[in-house]
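The points are grouped by topic.

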Amino acid sequence: MKKFFRVCTSIKELTALCYTAAMCFYMFFLWVFKQEDASLSMLFSLLLVCMAAGTMQVAAFSDLLFKKLAYGWRLMVFVVPFGAVLTATAVICGWFPTDQTAAWVMFGVFFVLIFVAITGGIELYYRLSGRKWNDRLDWYRKNR
């Protein structure tokens with residue numbers, strides 16, 4: 001039961017972080033395009049996508065389903081189903097005109113660029129924080 005609540009808490013936290021970021025982007029683009037009203041269907045569709053993202057992150061990046069899986073494979077386990085969910089939501093909720101090839105190309109390009117930027121940022125953060133903790137451990141060993 002503890003594991004169940006730990007997983008639920010992780011999904012809830014990741015969903016909240018994702019939804020907050022999505023709302024910031026959504027509000028920014030509402031401001032850029034001088035829109036006064038936020039679409040209720042867009043708010044709910046973003047919430048559903050963020051819930052799916054949180055669930056898929058826990059599934060892909062924890063040891064819940066895969067005990068020993070390389071990080072690159074974990075990225076694929078996350079990005080392929082998430083891309084499918086995001087695409088289905090975009091089509092069902094009418095995020096862009098699906099009959100235009102240019103809209104599909106832009107959707108795909110933005111998806112890949114955002115995924116690469118977020119993955120690179122997380123990787124950089126972990127490398128820098130790991131270096132910081134290694135430096136502190138070295139200082140502790142030297143001064144012990």
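Ser45 counts as buried because its relative accessibility is 2%, under the 20% cut-off for that class. This value, like those that follow, comes from a predicted model.

**Surroundings of Ser45**
- Ser45 is found in helix 2.
- With neighbours within four places in sequence left aside, Ser45 is in contact with Thr89, Cys93 and Trp95.

**Nonpolar cores**
- The largest nonpolar core consists of 15 residues, and Met56, Phe78, Phe82, Leu86, Phe96, Phe107 and Phe115 have the most contacts inside it.
- At least two residues of this core are supplied by each of helix 2 (40-61), helix 3 (71-93) and helix 4 (101-143).
- Helix 3 gives the largest share of this core, six residues.
- A second, separate core has seven residues, among them Ala22, Tyr26, Met42 and Leu46.
- Phe82 is in contact with Val49, Ala53, Met56 and Phe111, when its neighbours within four places in sequence are left aside.

**Packing of helix 3 and helix 4**
- The axes of helix 3 and helix 4 cross at roughly 145° and come within 12 Å.
- This crossing of helix 3 and helix 4 is right-handed.
- On the helix 3 side, the contact is made by Tyr71, Leu75, Phe78, Val79, Phe82, Gly83, Leu86, Thr87, Ala90 and Val91; on the helix 4 side, by Trp104, Phe107, Phe111, Phe115, Thr119 and Glu123.
- The residues of this contact between helix 3 and helix 4 comprise 12 nonpolar, three polar and one charged.

Terms used. Residues numbered from 1 in each chain as written. Predicted model: local features only at pLDDT ≥ 70, side-chain atom pairs only at ≥ 80, totals over all residues. Heavy atoms only, no water. Core = buried A, V, L, I, M, F, W, Y, C linked by side-chain atoms within 4.5 Å. Buried < 20%, exposed > 50% of the residue type's maximum accessible area, 1.4 Å probe, protein only. Helix = DSSP H or I, 4+ residues; strand = E, 2+ residues; numbered from the N terminus. Contact = heavy atoms within 4.5 Å. Axes fitted to C-alpha atoms, helices over the stretch in contact; angles between N-to-C directions. Left-handed = near helix turned anticlockwise from the far one by under 90°. Nonpolar A, V, L, I, M, F, W, Y, C, P; charged D, E, K, R; others polar.
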